Amino acid sequence: MTFPPNPSEPRDASEHALLRFPPEIDFSNAGDLLDTILSRARTGDGRRPRILVLDLTGTLFMDSQGVRLINDVRRRLRPGTRVYVVARPDSVASRVLELTGLRRDVPVYDNLPEALAA
């Protein structure tokens, strides 16, 4: 799964990187997504951004593999890189984040402008 470029993404990649998740996250794609996220979460010179925003607003299905994926991303980023998650409050992704307790460890925002402004 690839993440298409988005002209509304922040231009200063050393500050923020925005990655949109696919409609489904499960066992069949979580491993490939981790590799894709980690490769896209670098600036042109190989540095990592200060804030990585994971956008789940388009994710219609997510099981525990999505939670594991977010935790794996957090562990593999350099110290000091913050991870923010965006999930619509009424979505399956938001409910999974709440049920698993990940919302206590990772800031979750209701919409993209809030996350990018934080």
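Colleague: Why is Asp-72 called buried?

Modeller: Its relative accessible area is 19%. Buried means under 20% relative accessible area, exposed over 50% and partly exposed in between, with a 1.4 Å probe and protein chains only, so Asp-72 counts as buried. This is a predicted model: local features need pLDDT of at least 70, side-chain atom pairs count only at pLDDT 80 or more, and totals for chains, interfaces and linings use all residues. Residues are numbered from 1 along each chain as its sequence is written, and side-chain values use heavy atoms, with hydrogens and water left out.

Colleague: What makes Asp-72 and Arg-75 a salt bridge?

Modeller: Their closest N and O atoms are 2.2 Å apart. A salt bridge is a side-chain nitrogen of Lys or Arg within 4 Å of a carboxyl oxygen of Asp or Glu, so the pair qualifies. Arg-75 is exposed, at 61% relative accessible area.

Colleague: Where do Asp-72 and Arg-75 stand relative to one another in helix 2?

Modeller: They are 3 residues apart, which means a separation of about one helical turn. Helices (H or I, at least four residues) and strands (E, at least two) are DSSP runs, numbered from the N terminus.
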